[in-house]
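The following report describes a structural model in terms of its secondary structure, its packing and its ligand sites. Please consult the sequence and structure alongside the text.

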Amino acid sequence: MTVRLKPGDALVIVDVQNDFLPGGALPVPQGDEVVPVLNEYIHRFRQAGLPIVATRDWHPPDHCSFRDRGGPWPAHCVQGTPGAEFAPGLELPDDALVVSKATEPDQEAYSGFQGTDLDARLRAMGVRRLFVGGLATDYCVKQTVLDALRLGYQVYLLTDAIRAVDVHPGDGEAAIDEMRRAGALPLTLSDLAEEAPA
Ligand code: VGL
Ligand code: ZN
């Protein structure tokens, strides 16, 4: 499959934050491997003059998803802490649109659309096709992709730029199957058409 980037396309980078990388509070196995691949996508979208969105998990210190409040996760991505910062190697452009989610103490939000203005911002820019990668396949990538499809976006899942938590072995593969059944189209860098020479 060859896909040519065009107006109406946007890159959506989900939660590539220190706490989700090896050594972080909630490490995604091989999570760091998405960074160089996403940098190449960033480069391609920039070259094409297309918008780049970065979502971030941005929890208050007493977030309901944390174990000390009975949630499933160790404390992670607490607002303003180093663990919540984007991976230092991620080459986000200065004009990237940053979307913070799960900012309310009593509300979990895996999807970048949940409780944010992401849909309105994308619509205002005329975006119709989303190219989604990041962390983690089986949580925030999955819910962001499923919401995007429900909202009517065409979604390409960047299968070379996602990694899973895999709390249960196979969770990541099951998530990919679920996204595909819902209409997401798998895509890797090699499927992107080279920019036409100027
Ligand atoms: C995520 C677990 C908890 C994610 C966020 O970004 O996939 N996973 N919070
Ligand atoms: Zn979280």
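Contact here means heavy atoms within 4.5 Å; helices (H or I, at least four residues) and strands (E, at least two) are DSSP runs numbered from the N terminus. Helix 3 spans residues 137-150, and because 12 of its 14 residues are buried, the rest of the structure largely encloses it. Among the buried residues are Thr137, Asp138, Lys142, Thr144 and Asp147. Buried denotes under 20% relative accessible area, exposed over 50%, and partly exposed the range in between (1.4 Å probe, protein chains only). Just after helix 3, Gly152 adopts a positive phi of about 100°.

## Basis of the model

This is a predicted model, in which local features need pLDDT of at least 70 and side-chain atom pairs count only at pLDDT 80 or more, while totals for chains, interfaces and linings use all residues. Residues are numbered from 1 along each chain as its sequence is written, chains are lettered from A and ligands numbered from 1 in the order in which they are written, and side-chain values use heavy atoms, with hydrogens and water left out.

## Nonpolar cores

A nonpolar core is a set of buried Ala, Val, Leu, Ile, Met, Phe, Trp, Tyr and Cys residues joined through side-chain atoms within 4.5 Å. The largest one has 35 residues, and those with the most contacts inside it are Leu11, Ile13, Val16, Leu38, Tyr41, Phe131 and Leu187. At least two residues of this core come from each of strand 1 (9-14), helix 1 (34-47), strand 4 (129-135) and strand 5 (154-163). Helix 1 gives the most, with seven residues.

Not counting residues up to four places away in sequence, Phe131 touches partners including Val3, Leu5, Leu11, Phe45, Tyr156 and Leu192. A second, separate core of 26 residues includes Leu149, Tyr153, Leu157 and Ala175.

## The zinc site

Asp57 (OD), His59 (NE2) and His76 (NE2) coordinate the zinc ion (ligand 2) at 2.0 to 2.2 Å. Donors are N, O and S atoms within 2.8 Å of the metal (3.2 Å for Na, K and Ca); water is not among the atoms, so sites may look incomplete. Along the chain, the donors follow the spacing D-x1-H-x16-H. His59 and His76 both lie in the loop between strand 2 (52-57) and strand 3 (97-101), 17 residues apart.

His59 is buried, with a relative accessible area of 0%, and His76 is buried at 2%. The side chains of His59 and Asp57 are joined by a polar contact of 2.8 Å. A polar contact is a pair of N or O atoms within 3.5 Å; within protein, one must be able to donate a hydrogen and the other to accept it, and residues adjacent in sequence count only if both atoms are side-chain atoms.

## Ligand 1

A polar side-chain atom of Asp57 lies 3.0 Å from a nitrogen atom of ligand 1. A polar backbone atom of Cys140 is 3.0 Å from an oxygen atom of ligand 1, and a backbone N or O atom of Leu135 lies 3.5 Å from an oxygen atom of the ligand.
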